[in-house]
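Hi there,

Here is the structure I promised to pass on to you. Have a look at it first, and then read my notes below.

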Amino acid sequence: MNSVDPQPQEDPLLKFIDYARSALSPEANEDPDPNGNGLETARPSWNWIVSRILKTCSAYSCGVTAAILLSDLSQAWHEQNRDRPTRKMPECVRELRKKHKRRKLPNTVTIDSMYEKNFLSLNSVLEAVIVDVYVLPGTKIYMLSLGDFWSTNTIDLYLHQKYYDLINPTNGILNKGRQIFLTGCYLRASGGGSRCPRLLPTEYLVVLLDEDDDADAMLLAAQFCSDTFSSVSLDAFSKNVYYSLYARIEHIGPLEVLGEFGSLQRKRITLVDDDGTKLQFVLWGEQVVLTNLLSFPSLGSMLALDKPYIASSADNAAETSAEVSLEFGSATQLFLVPVVQHKEQICISLTPNRHQGSRLLSTIDPSQSTQVSQVSLPCDSYGSIDFSIYPFQSYVSDLRDKMTGVSLYGVVTSIIKERCTTEAIFSLKIEDTSGAIWTRLHFMKYWSLGRLSLGHKVYISGLTCSMTKQKGFQLNRCHNRLEAIWSENTGGASFFNLSCMPALLNSSCLHKLTKLSDLSCQTTCTQIVHIRLEMAQFHLSTRFSHAVCGHLVTEQPMGVSECSFCNENCDEVVRTFHLKVTLADKSGKVLAWCTGHTATEILQISPDEFFKLPEEEQFMYPSSLHNERFKVAIVNCNREGSGPGDALVLETEGTSWEITRALKRVGRGEEETGEERRGEVRRGETRRGEARRGEERRGEERRGEERRGKARRARRGEARLDAEGELARVNFSTRQNFSNQFLTRGADTRSTQRTAYIPEHTLLRYSHESQFINCFSLILQIMLSSTASLS
């Protein structure tokens with residue numbers, strides 16, 4: 001096994017990602033913009049491709065092929081970026097499209113897709129433009145004809161009665177060209193007498209306003225600037241006093257499940273008015289779908305609330321110092337002034353060095369003649385740049401303060417659970433080819449990412465970078481440190497542990513088979529190896545692990561179990577294996593360890609079943625595994641951790657390699673790598689050549705035997721003819737003699753008597769002579785057949 005790695009290893013996953021990007025948009029040039037004028041990339045972002053690939057792998061745990069991944073990527077990308085002709089698009093929509101600068105909301109669907117699928121989920125968002133407003137003939141029902149920026153079709157909506165007061169032929173807000181957001185809609189499909197689909201009424205509607213438009217600016221000034229949060233009174237509201245409030249969306253909290261049976265849902269939105277006063281806008285039950293209209297990229301936007309319901313903060317159990325909170329009542333109407341997303345020019349290198357990591361201009365040596373270009377990324381009102389659509393991979397050395405939507409692909413080198421906190425917060429140190437950074441993971445209740453340990457390869461998206469103050473060891477001075485923050489409920493946040501992904505072993509397009517002799521202490525990728533088990537070193541024990549995180553627990557006094565990873569008492573414990581075994585192939589041997597599901601797969605028995613076996617059977621059981629063959633995923637777990645006493649370091653028991661996944665190989669029909677595969681091909685050719693030559697020799701021998709057989713049969717035929725001829729001559733002469741004698745005797749008789757008469761004893765004598773002739777003929781035939789068989 002090598003002790004050094006002279007050249008960085010090529011990661012098969014990164015190689016496939018580059019191939020997929022070029023396959024999805026082969027017409028796009030790798031140069032984002034050779035003129036340096038900034039560009040909206042025509043290719044899918046690196047983050048989007050990785051997330052889509054890993055989600056597909058999670059869905060197909062038995063493995064994926066390159067064709068499956070490319071088909072899924074192509075379908076998703078073209079649905080997201082469908083190029084529709086604009087000649088049939090309504091004129092008002094076409095004009096608004098020219099100055100449309102907002103990004104799509106996360107759950108946005110298009111009208112064309114509704115026509116194609118004839119389906120619409122309640123969580124879907126429709127970003128629509130009013131094309132026409134009319135009344136159904138013979139009724140008082142208002143209808144809105146809606147279009148969007150990505151479709152040529154339009155669809156009609158039955159307007160909810162709570163918004164009828166916004167319709168006015170002359171100066172109404174809901175008029176032609178107005179943009180609205182909808183959610184919680186039911187689609188009345190075509191059929192049953194209806195020629196086209198329609199949307200049924202929904203009260204979850206938000207009207208978009210533009211501060212640059214004079215009419216909208218006058219509406220905001222006249223209706224929503226007189227009331228402030230500090231003027232809201234619960235007593236006044238109980239006396240039928242209504243408020244019109246205007247505030248900025250600061251934060252959207254996670255979904256909360258309440259009630260004894262978890263049947264009640266709640267979401268809280270933090271609003272801040274111009275005076276800096278904060279109030280909670282609380283949504284209950286089905287109302288939580290409204291957050292789909294107000295979530296990112298709407299964070300930081302201004303929200304106008306007309307006639308909100310005023311409730312006591314104590315009744316809502318809202319964690320705020322304010323006495324009141326706002327709710328979405330039966331008469332409440334919402335108006336949104338979207339935040340204007342500015343663009344930030346990011347300089348990138350056109351000749352990046354992947355192994356050095358950085359592509360940003362700030363990290364390029366100015367003395368080198370490197371071509372650079374620019375990419376335009378959105379920037380929010382706080383000055384944070386959104387990197388979720390950044391076209392290339394982000395490295396640790398690229399990270400700066402006020403970056404959001406960042407993704408990292410690296411190796412976990414340390415994990416620490418923060419103590420004395422009300423929520424579950426873990427700190428992960430992630431390292432890639434350019435450096436390392438600490439990331440803080442925030443969970444609602446507890447760790448929810450499955451088993452994660454040192455040396456595992458992970459992909460994490462939705463990170464926000466910020467500078468935090470950290471107290472130093474010298475003179476108690478504080479210094480700033482760049483830190484990445486990840487929250488479980490943030491939009492676009494995801495976490496994948498590639499080392500433990502079941503589909504990895506069976507997806508040949510995402511890994512490359514290697515040999516044990518090629519493993520190095522510098523290895524950072526998850527290695528896939530074909531191995532066999534050897535009993536040279538085999539240590540097996542059954543222990544208890546935490547069911548939530550998969551790590552071992554320790555017994556504390558009073559029978560309490562404490563998780564070494566979560567650093568807390570745990571009730572949900574399961575029996576598990578801790579296995580150390582020697583792995584071998586034709587190139588070398590390695591001592592590795594594993595636990596949990598991987599150990600169960602290798603031992604082919606569950607921990608509970610093994611524990612129930614008698615001691616002598618437990619002692620003899622490992623011998624049955626000798627030379628068993630597996631396909632395994634191996635990572636280098638020889639990491640620093642948080643120190644010698646780190647529970648994750650102690651878990652390895654001094655072993656440098658961990659088996660993260662294992663799959664039993666049936667027989668020896670698996671393909672071998674490198675020279676082994678070529679040697680097997682050569683040996684197969686030799687065997688086939690020898691078989692052909694042997695067949696030729698046997699054929700020549702068969703033909704010679706046939707020739708000799710024909711000669712023997714010819715000789716036997718001649719002898720038989722001779723014998724038959726001799727027999728015929730004997731029979732003929734015998735019969736002739738008999739006939740002459742009989743005729744002679746008959747003549748003598750006729751001479752003595754007139755009537756021919758033959759005595760009886762004479763006939764008997766002639767009968768005996770005939771039998772003798774027949775016996776002689778039979779003996780001669782037997783002699784001839786015996787002679788033929790001997791020859």
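A polar contact is a pair of N or O atoms within 3.5 Å; within protein, one of them must be able to donate a hydrogen and the other to accept it. Please keep in mind that this is a predicted model.

With that in hand, go to the start of helix α6: there, a side-chain oxygen of D213 comes to within 3.2 Å of the backbone nitrogen of A215.

Helix α6 covers residues 214-223, and its buried residues are D216, L219 and L220. Looking down the axis of α6, you will find these buried residues within an arc of 95 degrees, so they line one face of the helix. What lies over the buried residues of α6? The cover includes β8 (244-252), β12 (302-306) and β15 (333-337). On the other side of α6, D214, A215, M218 and A222 are exposed.

Next, the surface. L122, Y186 and L200 make a nonpolar patch of about 270 Å². You can find L122 in the loop between α5 (111-117) and β1 (125-135). Its relative accessible area is 37%, so L122 counts as partly exposed.

Finally, the whole protein chain. It has 15 helices and 32 strands, and 44% of its 791 residues are buried. The accessible surface of the chain comes to about 42,500 Å², with 51% of it belonging to carbon and sulfur atoms.

Happy exploring!

Definitions and conventions
Residues numbered from 1 in each chain as written. Predicted model: local features only at pLDDT ≥ 70, side-chain atom pairs only at ≥ 80, totals over all residues. Heavy atoms only, no water. Patch = residues over 30% accessible without salt bridge, like charges linked within 9 Å, V, L, I, M, F, W, Y side chains within 5 Å. Areas by Shrake-Rupley, 256 points an atom, 1.4 Å probe, with all protein chains shown as cover. Salt bridge = Lys/Arg side-chain N within 4 Å of Asp/Glu carboxyl O. Helix = DSSP H or I, 4+ residues; strand = E, 2+ residues; numbered from the N terminus. Buried < 20%, exposed > 50% of the residue type's maximum accessible area, 1.4 Å probe, protein only. Arc of directions from axis to C-beta. Contact = heavy atoms within 4.5 Å.
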